[in-house]
Amino acid sequence: MNMAGKDLITIEDLSNREIEAVFSLADEMSASIGEQFGVCQGKIMASLFFEPSTRTRLSFEAAMNRLGGRVISVAEMSNTSLAKGESIADMARVVGSYADIIVIRHPWEGAARVVAQYAEVPVINAGDGGHEHPTQTLCDLFTLKKERNRLEGLKIALWGDLKYGRTVHSLACALARFGATIHFRPSPGFEMPEHVMRKLTTEYPGRLERYDGAREEAHESYFPLDAVYVTPSGPHQLANIPAVGIQIELEKGVDALYVTRLQRERLEPVAEGEDTERAYPVVDRKLLKEKRFEETIVMHPLPRVDELAHEIDADPRSMYFKQAARGVPVRMALIALLLGAKDAALPEGEGADLAHRKEYPVYGRDTGLECRNSRCVTNQATETRYIRPEFEVVSHDPLTLRCVYCEHEIHPRFIASSKWHQGIAENKRYYRADSSMLGRIQPENLIIFESEAAAQARGFMPGKKVPQQSSS
């Protein structure tokens with residue numbers, strides 16, 4: 001399989017079959033890791049890490065060194081021209097002329113996509129804010145397959161900070177694509193973002209059942225169950241008997257417990273004097289002795305803080321150090337494939353190529369719409385000079401737009417058509433987005449406004465179904 005020249009910005013950039021290709025080559029490289037030197041000889045990887053990193057950065061650099069390539073690196077934003085106000089686009093153009101492949105970690109969500117747009121070499125996202133971390137997901141899936149011999153039909157519990165934990169945002173979508181069942185157990189207030197849940201319910205074949213955690217038997221070591229995502233091939237008919245079906249899920253336990261730390265560096269600022277301490281159950285020997293966890297492996301993207309007890313490190317079910325170690329052959333395989341230094345042959349019949357990214361129409365008009373995610377790259381002062389916010393129209397009921405950079409959603413309130421009657425200005429009308437007019441406007445003619453003021457500034461007047469003095 002030839003993957004030369006591809007970018008990996010989100011896990012959606014790889015089809016299931018391409019993911020299997022990475023695993024196939026990673027197995028080959030694991031078996032002969034010392035023999036791979038020279039595969040990428042003469043190639044240079046730019047390692048751009050503008051957030052702290054140990055495992056991801058070093059595993060990428062170790063991978064390139066083991067392949068015989070060379071590494072140039074940046075470890076802090078303060079040591080680059082970005083600190084002087086240089087744009088990411090300009091940096092990407094320059095670094096792309098120095099290196100054959102770029103690996104970037106950045107605190108701004110969508111930054112990796114900007115680099116991919118402007119660098120003329122393959123770009124790998126090593127984590128962009130709280131958005132995604134696709135290569136960690138490759139390591140996670142690889143570990144699950146090695147330990148459980150399959151991905152389809154596995155039951156995986158995602159545990160802890162699901163709001164800011166970028167690893168679980170990538171992993172949830174990948175698990176859904178490969179036919180796993182997902183239990184969401186977030187720390188209260190740190191539930192999985194709704195835009196990720198929407199993807200699971202609209203772009204993949206499974207069914208999501210919300211769950212009232214108060215009905216679950218109380219346990220000091222558990223986060224309450226928030227939702228269960230079950231694939232169509234799953235054995236439980238949650239659509240017919242959701243409460244009973246979920247109870248069966250709980251009693252049977254899970255194949256893997258994927259634990260995440262509280263992402264303190266991404267927490268919103270709190271008022272002075274506000275209590276920031278949060279209860280965060282610890283996965284320890286006592287919890288793993290419970291019947292429902294007897295056969296459960298424990299995974300963690302690391303680093304850990306207090307959420308994993310050191311006493312379970314020697315437990316054969318603890319996989320987190322194996323996950324980290326497997327990052328080297330997985331990233332070796334990925335680098336070699338994207339540089340065209342290797343092809344990967346799959347066993348016959350393996351890796352069904354499911355549709356891995358649903359295509360949505362892109363709303364390209366400049367009508368003042370902005371992403372509301374303060375961490376989005378489109379909202380940063382150095383980038384607004386050349387990046388225009390861009391959105392996919394993912395739903396008409398209600399009207400929902402998804403930022404192409406960070407994937408956060410907005411729900412604009414007003415619409416209009418670019419085709420008004422005979423071009424007469426008085427017929428330039430705007431309407432509420434939840435009115436029947438939305439269904440009567442052709443997609444290519446749709447104009448979307450965040451407020452009435454924005455519509456009126458462009459010469460539109462209220463339609464009959466829009467009160468003159470509605471709030472803006």
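A:
**A helix pair and the sheet**

Helix α5 passes helix α6 in a right-handed crossing (right-handed if the near helix is turned clockwise from the far one by less than a right angle, left-handed if anticlockwise). This is a predicted model: local features need pLDDT of at least 70, side-chain atom pairs count only at pLDDT 80 or more, and totals for chains, interfaces and linings use all residues. Residues are numbered from 1 along each chain as its sequence is written, and side-chain values use heavy atoms, with hydrogens and water left out.

α5 spans residues 134-148 and α6 residues 166-177. Helices are DSSP runs of H or I, at least four residues; strands are runs of E, at least two; both are numbered from the N terminus. The two axes come within 8 Å and cross at roughly 50°. Axes are lines fitted to C-alpha atoms, for helices over the stretch in contact; angles run from 0 to 180 degrees between N-to-C directions. That makes α5 oblique to α6 (under 35 degrees counts as roughly parallel, over 145 as roughly antiparallel, 65 to 115 as roughly perpendicular, the rest as oblique).

From α5, the contact takes P134, Q136, T137, D140, L141 and L144. From α6 come T167, S170, L171, A174 and L175. Contact means heavy atoms within 4.5 Å.

Now the sheet. Four strands form an open sheet, ordered β2-β1-β3-β4, with parallel pairing; strands pair if DSSP finds at least two bridges between them. β2 (70-74) and β4 (123-128) each have a single partner strand, so one side of each lacks a neighbour in the sheet. The twist averages 15° from one strand to the next.
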